[in-house]
Number of protein chains: 2
Amino acid sequence: MTRPPSITRIRPCQQRAVVLLSGGMDSTTLLWWVTRHLRVPEVHALSFRYGQKHARELTAARWQARSAGVAVHKVVDISFFAGLTTGGGVALTDGAVAVPALRAIRAAQRDQPSTYVPNRNMILLALAAAYAESHGIADMYYGAQSQDEYGYWDCTGDFVERLNDVLALNRRKAVRVHAPFVGLRKAAEVRIGLQLGVEYGHTWTCYRGGKHPCRVCPACVERRKAFVEIGMRDPLG
Amino acid sequence: MTRPPSITRIRPCQQRAVVLLSGGMDSTTLLWWVTRHLRVPEVHALSFRYGQKHARELTAARWQARSAGVAVHKVVDISFFAGLTTGGGVALTDGAVAVPALRAIRAAQRDQPSTYVPNRNMILLALAAAYAESHGIADMYYGAQSQDEYGYWDCTGDFVERLNDVLALNRRKAVRVHAPFVGLRKAAEVRIGLQLGVEYGHTWTCYRGGKHPCRVCPACVERRKAFVEIGMRDPLG
């Protein structure tokens, strides 16, 4: 099996872990990697309703959590968040802003695409760390990966490392974020997932959330490329 | 006027700033310091309902925001947070846990007192940073101060500095947290506040939130000591 590089040393024999589970490919692969490869017996999966335009991701997250047999799956409603960032032109939460095609993002050469949600990942990780800390769980898994096609600053190894530097100050119980796929391209990640038996037909990637994937948004394009690269067919077509 | 040391350089001529305003002494003093001493013309104050047992703090926050003439005061409801940390024995949010007296905390010599809310401050700062970023505001003020009597790890200069190291990675718009009182004792802070005309009768400090301050919880003890130290009378008695 391809061995994903890890930017943080993973403690041996973890008994419990928190996994951030969006229902997309990255976090789903991670969930199965933690339950099947690391064999952590007690996994707490956390999903967030943050004002996404559609809830297909969450349906996928529920399916995967049940299928992987996690101990706890909690969907936390932080949809107030959309109101907090209103006016920022955030495509994933603001009804007035359309999700752009990847080519439009590239053409605009923006610092961050409009699919970027301001500081969302730090918020989700901070909430998950609060959950982990109050439940006495030391390890937390985050499905960031390196295919930085459209440049999210909060999906990088640097980001995870510096966040761990903050959390390490906690004198009570330092929670550590692990991002084992952060050095991996999406194709390599899918290869790992398929070896673990992940059913990608029950993940949701498209930013638009129609009946079928739109095939043009950044997430769809990357997903298709990953399957093509390893010569496999995406079960979502 | 006593000049508070700052752990972060404050940009000159700020036009806009976000202030985290709980309605306690620290953040209220900070609000007046930002509006009256720094003279930032457009202040956005953010308060959070995070499942506190009482809402007296928020009433104080509203009074102070109005009185200081901020441009925006937003109270963000994150009371789901109490459910996320349930079982962690958090005195400020869990109805089953009593707020301890300071002497009990000292006697127990715990790593963090039960009045500590797991990772709350990182969550509030991450949310405030999302707000600031999406509104194009670069500077954020946090009323942490150094009187580390009962040891909150997330009220220290190190914490703020490392959090800024994370935020600095943002390629779109790096928001910076300023904690000008982090090196200050509470008495010095109150002295500054009184010079700025802060009405401490409209702040709320007691963790218990009865009709009158309880005078025995850690927050009450520190508040009283601060006023005694500078030879002033606390308007709350």
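# Questions on a two-chain model

Student: How many helices and how many strands does chain A have?
Tutor: This is a predicted model, in which local features need pLDDT of at least 70, side-chain atom pairs count only at pLDDT 80 or more, and totals for chains, interfaces and linings use all residues. Residues are numbered from 1 along each chain as its sequence is written, while chains are lettered from A and ligands numbered from 1 in the order in which they are written. Helices (H or I, at least four residues) and strands (E, at least two) are DSSP runs, numbered from the N terminus. Read along the sequence, these elements follow the pattern β-α-β-α-β-α-α-α-β-α-β-α-α in chain A, which has 8 helices and 5 strands.

Student: Is A:S47 buried or exposed?
Tutor: A:S47 lies in strand β2 (residues 42–49) of chain A. A residue is called buried if 20 or more other C-beta atoms, placed from the backbone, lie within 10 Å of its own, exposed if 12 or fewer do, and partly exposed in between. Because A:S47 has 23 C-beta neighbours inside 10 Å, it counts as buried.

Student: What distance separates the C-alpha atoms of A:S47 and A:V75?
Tutor: Leaving aside residues up to four places away in sequence, A:S47 touches several residues, including A:L21, A:L58 and A:V75, where contact requires that the two C-beta atoms, placed from the backbone, lie within 7 Å. Although A:S47 and A:V75 are 28 residues apart along the chain, their C-alpha atoms are separated by 4.6 Å.

Student: What rotation superposes chain A on chain B?
Tutor: Two copies of a chain are related by a rotation about an axis and a shift along it. The superposition is made by least squares on the C-alpha atoms of residues with pLDDT of at least 70 in both copies. Here the shift along the axis is 0.0 Å and the RMSD is 0.0 Å, with a rotation of 180°. The two copies are therefore related as by a two-fold rotation axis, and the rotation asked for is 180°.

Student: Which element supplies the largest share of the side of chain A that touches chain B?
Tutor: The contact takes 35 residues from chain A and 35 residues from chain B, and 100% of the interface residues of chain A are also interface residues in chain B, so the copies meet through the same surface. On the side of chain A, at least two residues each come from β3 (72–77), α3 (80–84), α5 (120–134) and α6 (157–167). The largest share, 10 residues, comes from α5(A).
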